[in-house]
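Hello,

Please open it first and then read on.

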Amino acid sequence: MKSTLLLAFIFTALLPLKKDTKVESTIYRWDDFEVVKKETGESRPILEGNTTALKYLEMHATTLKPNRAPHGAHRHSDEEELIILKSGRLEVSINDSKHIVDAGSVIVLMPGEEHGLRNIGDGEATYYVYRYKSRADVDEKRAKENGGSKTFQWNDLVFNEHDKGGRRDVLDQGTAMFKRFEMHVTTLNPGLITHAAHSHPAEEFVLVKEGNVEFHIGDKIHKATTGDFMFVDSTVPHTLNNIGDKPATYYAFQWE
């Protein structure tokens, strides 16, 4: 009986979140994601729900075999999409233009703009996908005024060194969903803490590109490594420290 209850608990814990579920402020580990095999490669459902600022948020990871696409070019009428390339090389089509991006690169896709992806590397390509709808009205005019859909090639991001490591700024602008969407990549030297525990009105994701860190979320501490990430809802205290013997690099992005 105990074993049956334990299996039921584990199965329930692995189920994706429902759309009406509040996304928890906690750590999400790469090794815990279910792997779904597909003809084109693999898919990892990660979460689905809502937050204080988002009426819908869905996240998954896709792994593509060489010369494969997840689906044909398409567009979303009322969703934005953020893609972070974990490994490999992709060709990204946005309307009538094509872009080549390598591991570490970021893609931001606005509602109404046609887009598609294809793995053009010799090996597999793996990337995270965030799809979301703001509780505020969609503002396509604001998105167009700020350049619409964009790609940010990792090798083009300028590294600005500082006393704790360094930083790469990705974007800080208005989008269709947000008055301000800010994203950067921090490199933190071993043994250091990024800053004192703090909170802010903006929600935030922090995704570990490489390294070993501790996330402090509220009164809990979670160890994390490459591929893991944390989500913190508005006003939840949090910080991060590098517990490894090498620099740790991570994406941080938040919205208003």
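A cavity is a set of points, on a 1 Å grid over the protein atoms alone, where a 1.4 Å probe fits but cannot get out; a pocket is an open set with protein on both sides within 12 Å along at least five of seven lines, and lining residues have an atom within 4 Å of a point. Grid points are joined across faces, edges and corners, and a volume is the space filled by probe spheres set on the points.

Before the findings, a word on where the values come from. This is a predicted model, in which local features need pLDDT of at least 70 and side-chain atom pairs count only at pLDDT 80 or more, while totals for chains, interfaces and linings use all residues. Residues are numbered from 1 along each chain as its sequence is written, and side-chain values use heavy atoms, with hydrogens and water left out.

Let's begin with the cavity. The count comes to one cavity of 30 Å³ or more, and the largest cavity holds about 40 Å³ of space. Its lining is made of Leu54, Leu57, Tyr130, Tyr132, Phe178, Phe205, Phe253 and Trp255. By class, that is eight nonpolar residues, with no polar and no charged ones (Ala, Val, Leu, Ile, Met, Phe, Trp, Tyr, Cys and Pro count as nonpolar, Asp, Glu, Lys and Arg as charged, and the others, Gly among them, as polar). E4, E10 and strand E20 (248-255) each supply at least two residues of this lining; strands (E, at least two residues) and helices (H or I, at least four) are DSSP runs numbered from the N terminus.

Some of these lining residues also turn up among the aromatic pairs. The structure holds 17 such pairs, where rings of Phe, Tyr and Trp (its six-membered ring) pair if their centres lie within 6.5 Å, and planes under 30 degrees apart count as stacked, over 60 as edge-to-face and the rest as tilted. In one of them, the ring centres of Tyr130 and Phe205 are 5.1 Å apart and the planes are at 70°, so this pair is edge-to-face. Because Tyr130 lies in strand E10 (residues 125-134) and Phe205 in strand E15 (residues 203-210), the pair ties together parts that are 75 residues apart in sequence. Tyr130 is buried at a relative accessible area of 1%, and Phe205 is buried with 1% relative accessibility (buried means under 20% relative accessible area, exposed over 50%, partly exposed in between, with a 1.4 Å probe and protein chains only). Phe178 and Phe181 form an edge-to-face pair too, at 5.7 Å centre to centre and 65° between the planes. Phe178 is buried, at 1%, and Phe181 counts as buried at 1% as well.

Two lysines have their charged ends over rings: Lys86 over Trp30, 4.6 Å from the ring centre, and Lys209 over Trp154, 4.5 Å from the ring centre. For this, NZ of Lys or CZ of Arg must be within 6 Å of the ring centre and within 35 degrees of the ring normal.

Now to the second largest pocket, with about 270 Å³ of space. It is lined by 21 residues, and His60, Thr62, Pro70, His71 and Tyr127 lie nearest its centre. Strand E4 gives the most to this lining, with four residues. By class, the lining has seven nonpolar, 10 polar and four charged residues.

Happy exploring!
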